[in-house]
Amino acid sequence: MPTAPTAFIHNENNLRLAVLIDADNAPRNSIKGIMEEVAIYGIPTVKRIYGDWTNPFIAGWKASLLENAIVPVQQYAYTTGKNSTDSAMIIDAMDILYSGNVDGFVLVSSDSDFTRLAVRLREAGMLVIGIGEKKTPSPFIVACNKFIYIEVIRSRNAPEPAPAKSEKKPAGSTTRKRTESKAAKKEPEQKPQPEPKPEKKQIPDDIIKLIADSVADLTEDEDGVFMGELGTLLIKKQPDFDCRNFGFRSLTAMIKSIDRFGVELRQTSDPHIKHPYVRDKESAE
């Protein structure tokens, strides 16, 4: 079996990933966004979804599956109250693991029953990414290398509000409009006012402490910590850490918004590339 990555690398986008979806615990209206998120971390070579497709409650998945080339796996509910879908997904995951054709797994579910599966896959050296709703129990979250909330994916893919339609002016106002247009031309153009800056996001104290502790763990001197290393350590410590959870598009923007930290761009050997470094102002005092 080929050697799997031993550490989580965010930009390693050629990893072969098996995407396994629990239809009983995943919203179908977010499946497109989920697959776009998966593409950030690697190539989904296996895409399967598990459920009892004779059940009318999940029959609405058909269009989403066709659009994203996801293979449905039928699993009958043999006994009322027992989730046989989980067992089928776990068995398939182990078969895929021993096939040696993937570098990692994406488990899409909010069910804590997959906690042991995530642990076992990581023990085998696999990268494990979990995707679920914020109601997902903590044991499943911490069992993954990284956990992404569906609510974050959904907000990122929300459609932009349509521009307001201009009101139609009543007929007979053509002459007045021409007069006003001529007068407007004579008036000096007004410079557009700058938009007000958005207020800083409120970041919980425990998250600030997590960042500060991580900076301290990586700092050997007062030169600061490379942002990429910091991001990797934060995810290792707290798999559901994601700057988008706090309304930021990047970790750099999030760190800059916190007064406690300083961010410095440093020139690399490439004159066109600069790397951000983080310094804890309080520890330096």
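Modeller: Two rings of Phe, Tyr or Trp (for Trp, its six-membered ring) pair if their centres lie within 6.5 Å, and planes under 30 degrees apart count as stacked, over 60 as edge-to-face and the rest as tilted. This is a predicted model, in which local features need pLDDT of at least 70 and side-chain atom pairs count only at pLDDT 80 or more, while totals for chains, interfaces and linings use all residues. Residues are numbered from 1 along each chain as its sequence is written, and side-chain values use heavy atoms, with hydrogens and water left out.

Biologist: How many aromatic pairs does the structure hold, and why is the pair of Phe140 and Phe147 given its particular name?

Modeller: A pair of aromatic rings is described by the distance of the centres and the angle of the planes. The structure holds four such pairs. In one of them, the centres of Phe140 and Phe147 are 5.8 Å apart and the planes stand at 80°, so this pair is edge-to-face. For Phe241 and Phe246 the centres are 6.4 Å apart and the planes are at 45°, so that pair is tilted. Phe140 and Phe147 also belong, together with Tyr149, to one aromatic cluster.

Biologist: Is Phe140 buried or exposed, and which residues does Phe140 contact?

Modeller: Buried means under 20% relative accessible area, exposed means over 50%, and partly exposed lies in between (1.4 Å probe, protein chains only). Phe140 has 0% relative accessibility and therefore counts as buried; Phe147 is buried too, and so are Phe241 and Phe246. Leaving aside neighbours within four places in sequence, the contacts (heavy atoms within 4.5 Å) of Phe140 include Leu107, Asp111, Phe114 and Phe147. Asp111 is 29 residues away from Phe140 in sequence, yet their C-alpha atoms are 7.6 Å apart in space.

Biologist: Which other residue touches Asp111?

Modeller: Asp86 does, and, not counting residues up to four places away in sequence, Asp86 also touches Asp22, Asp113 and Phe114. Because the relative accessibility of Asp86 is 5%, this residue counts as buried.
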